[in-house]
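Student: Before we begin, could you show me the structure, so that I can ask about the words used to describe it?

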Amino acid sequence: VGHDDLATSELLDPPLATIWLNRREMGRALMLRLLERVPPDDYVAPVELIERASLQAPAQLSPASAAPRPLGVSPSGEQQLARARQLGNES
């Protein structure tokens with residue numbers, strides 16, 4: 001599970017579940033403390049779990065699909081890497 005719901009979380013294989021927190025609301029709370037000179041206290045931020053496939057049990061792999069690939073690279077990302085390597089060899 002990641003944090004901040006980064007855009008790349010959806011591109012990993014499997015897509016990474018993440019915790020989202022409203023940074024704008026955190027900034028607003030901070031500014032209120034600074035401007036109103038409120039004594040420091042614990043800030044409890046509301047968070048949301050963005051559920052993605054990384055929370056699921058791994059699927060059973062068939063022998064044909066069990067070929068190793070770089071950690072965290074999706075099948076489409078693997079194709080892009082192969083094409084980039086091919087283009088690098090052509091130059």
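Predicted model: local features only at pLDDT ≥ 70, side-chain atom pairs only at ≥ 80, totals over all residues.

Student: What secondary structure does the protein have, and how do the elements run from the N terminus on?

Tutor: The protein comes to 2 helices and 3 strands, and from the N terminus on these elements run in the order β-β-α-β-α.

Student: Why is Ser 9 called buried?

Tutor: The relative accessibility of Ser 9 is 4%, and buried means under 20%, so Ser 9 counts as buried. Ser 9 has its place in the loop between β1 (2–3) and β2 (18–21).

Student: Which residues is Ser 9 in contact with, leaving aside its neighbours within four places in sequence?

Tutor: With those neighbours left aside, Ser 9 is in contact with Pro 15, Leu 16, Thr 18 and Arg 52, where contact means that heavy atoms lie within 4.5 Å.

Student: What makes Arg 23 count as exposed?

Tutor: Arg 23 has a relative accessibility of 55%, and because exposed means over 50%, Arg 23 counts as exposed.

Student: How much of the protein counts as buried, and what area does the protein expose?

Tutor: Of its 91 residues, 11% count as buried, while the protein exposes about 7,700 Å², of which carbon and sulfur atoms supply 58%.

Technical notes. Residues numbered from 1 in each chain as written. Heavy atoms only, no water. Buried < 20%, exposed > 50% of the residue type's maximum accessible area, 1.4 Å probe, protein only. Helix = DSSP H or I, 4+ residues; strand = E, 2+ residues; numbered from the N terminus. Areas by Shrake-Rupley, 256 points an atom, 1.4 Å probe, with all protein chains shown as cover.
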